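Colleague: Could you walk me through this model with a few questions and answers? I would like to go from the overall fold to single residues.

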Amino acid sequence: MPVSSTKGAGMNGKTVSVVGLGDMGTALADALLAAGHRVTVWNRTAAKADPLVAKGAIRADTAADAVLASKLVVVCLLDYDSVSQVLGPHTDVLAGRTLVNLTNGTPGQAREMAAWAAEHGADYLDGGIMAVPPMIGKPGAFVLYSGPSGAFETWQPVLDLFGESRYVGDDAGAAALQDLALLSSMYGVIAGSLHALALVRSTGASAREFAPTLSKWLQGVVTWPVEAAERIDTGDYDKDVVSNLSMQSAGFANHFIAAEEQGISAELLLPVHQLMQRRVADGHGHEDFVGVIELLKR
């Protein structure tokens with residue numbers, strides 16, 4: 001059974017446990033080890049801990065042993081059901097610990113998990129990792145955290161080892177919400193880019209040759225959310241409109257004509273056009289495209 005005392009442990013005398021050693025969990029444990037922490041690790045498939053043990057990590061025989069080993073327990077599993085399956089049988093060892101759950105999930109799941117942890121005497125921070133495993137601990141990586149501010153402040157020096165720590169509020173679901181919001185924007189850009197590349201490739205042209213032009217174009221797009229946010233917060237969609245929705249909706253039809261001409265599918269773009277058409281039909285054609293967001297409200 002791993003040693004649970006923090007005496008003589010890593011930076012600031014703190015030990016850390018990492019539960020879940022997929023690619024991301026392994027990267028998190030690596031970052032902690034590199035910073036000189038005493039790291040206890042556990043994974044269902046014990047062999048996944050071997051490379052970390054070779055670097056100095058302590059292998060826990062059970063998930064309960066991993067929790068007992070440290071006051072800070074970082075969890076990174078496939079989904080929230082996995083977290084419940086792994087930690088659920090060990091509620092008797094949670095008291096006094098801080099659980100930092102970096103498993104991807106929903107705001108509702110995070111809030112339920114926070115309530116569950118509180119019932120068993122543990123602080124709970126939910127997190128959203130905005131990086132892929134090779135980026136952990138490197139510039140450009142950042143992690144969103146939500147939950148008790150005191151717990152975040154206590155452990156921030158450790159959490160900063162993963163990437164820039166951004167605290168987004170005491171609502172446990174806030175990090176998951178912003179995580180999914182950021183991912184949705186990424187997938188939207190990727191979807192549009194895939195359509196663009198498919199269109200170019202339909203002529204036999206090289207995607208690699210077109211890609212720099214596409215990247216340059218997207219650099220101009222990345223500033224759009226700042227202006228859009230101002231319109232959304234004020235609800236003012238018809239002030240200083242440069243390119244109104246009616247005009248854009250009419251022009252958007254060319255995407256479908258061109259796709260048919262070139263023999264590719266335009267299904268990635270279809271939902272956008274449908275929303276534009278609905279907004280115009282509702283009498284908002286004179287407004288900015290941003291007003292389409294009103295159709296996303298329920």
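Colleague: What share of the contacts in the protein with a separation of 6 or more comes from residues 24 or more positions apart?

Modeller: Please keep in mind that this is a predicted model, where local features need pLDDT of at least 70, side-chain atom pairs count only at pLDDT 80 or more, and totals for chains, interfaces and linings use all residues. Residues are numbered from 1 along each chain as its sequence is written, and side-chain values use heavy atoms, with hydrogens and water left out. A contact means heavy atoms within 4.5 Å. Among contacts in the protein with a separation of 6 or more, the share from residues 24 or more positions apart is 62%.

Colleague: How many helices and strands does the protein have?

Modeller: Both are DSSP runs numbered from the N terminus: helices are H or I with at least four residues, and strands are E with at least two. The C-alpha trace spans about 70 × 45 × 30 Å along its principal axes. The secondary structure of the protein comes to 11 helices and eight strands.

Colleague: What percentage of the residues of the protein count as buried?

Modeller: Buried means under 20% relative accessible area, exposed means over 50%, and partly exposed is in between (1.4 Å probe, protein chains only). The accessible surface of the protein, from the Shrake-Rupley method with a 1.4 Å probe, is about 15500 Å², and 57% of that belongs to carbon and sulfur atoms. Of the 298 residues, the buried share is 41%.

Colleague: Let us turn to strand β1. Which residue has its backbone oxygen 2.5 Å from a polar atom of the side chain of S17?

Modeller: S17 is found in β1, which covers residues 15-19, and S17 counts as buried because its relative accessibility is 0%. Leaving aside neighbours within four places in sequence, S17 is in contact with T40, A66, A69, S70, L72, V73 and V74. The backbone oxygen at 2.5 Å from a polar atom of the S17 side chain belongs to A66.

Colleague: And which residue's side chain is joined to that of T15 by a polar contact of 3.2 Å?

Modeller: T15 is also placed in strand β1, and its relative accessible area of 3% is why T15 counts as buried. A polar contact is a pair of N or O atoms within 3.5 Å; within protein, one must be able to donate a hydrogen and the other to accept it, and residues adjacent in sequence count only if both atoms are side-chain atoms. A polar atom of the T15 side chain lies 3.3 Å from the backbone oxygen of A69. The side chain joined to that of T15 at 3.2 Å is the one of S70.

Colleague: Now for helix α7. How far apart are its end C-alpha atoms?

Modeller: The expected span of a helix is 1.5 Å times one less than its number of residues. Helix α7 holds 28 residues (174-201), so it should span 40 Å, and the distance between its end C-alpha atoms agrees: 40 Å.

Colleague: Which elements do the buried residues of α7 pack against?

Modeller: The buried residues of α7 are A174, A175, A176, D179, A191, S193, H195, A196 and V200. V189 is also in α7, but V189 is partly exposed because its relative accessible area is 43%. The buried residues of α7 pack against α5 (107-119), β6 (123-130), β7 (142-146), α8 (207-221) and α10 (245-262).

Colleague: Which residues does G105 touch, not counting residues up to four places away in sequence?

Modeller: G105 sits in the loop between β5 (98-101) and α5. With 7% relative accessibility, G105 counts as buried. Not counting residues up to four places away in sequence, G105 touches Y80, A176 and L180.

Colleague: Is H120 buried, partly exposed or exposed?

Modeller: H120 lies in the loop between α5 and β6. Not counting residues up to four places away in sequence, H120 touches T91, L94 and A95. Its relative accessible area is 26%, so H120 is partly exposed.

Colleague: One last point: what is the phi of D240 near?

Modeller: D240 is in the loop between α9 (224-234) and α10. D240 is exposed because its relative accessible area is 61%. Its phi is positive, in a residue other than glycine, and is near 50°.
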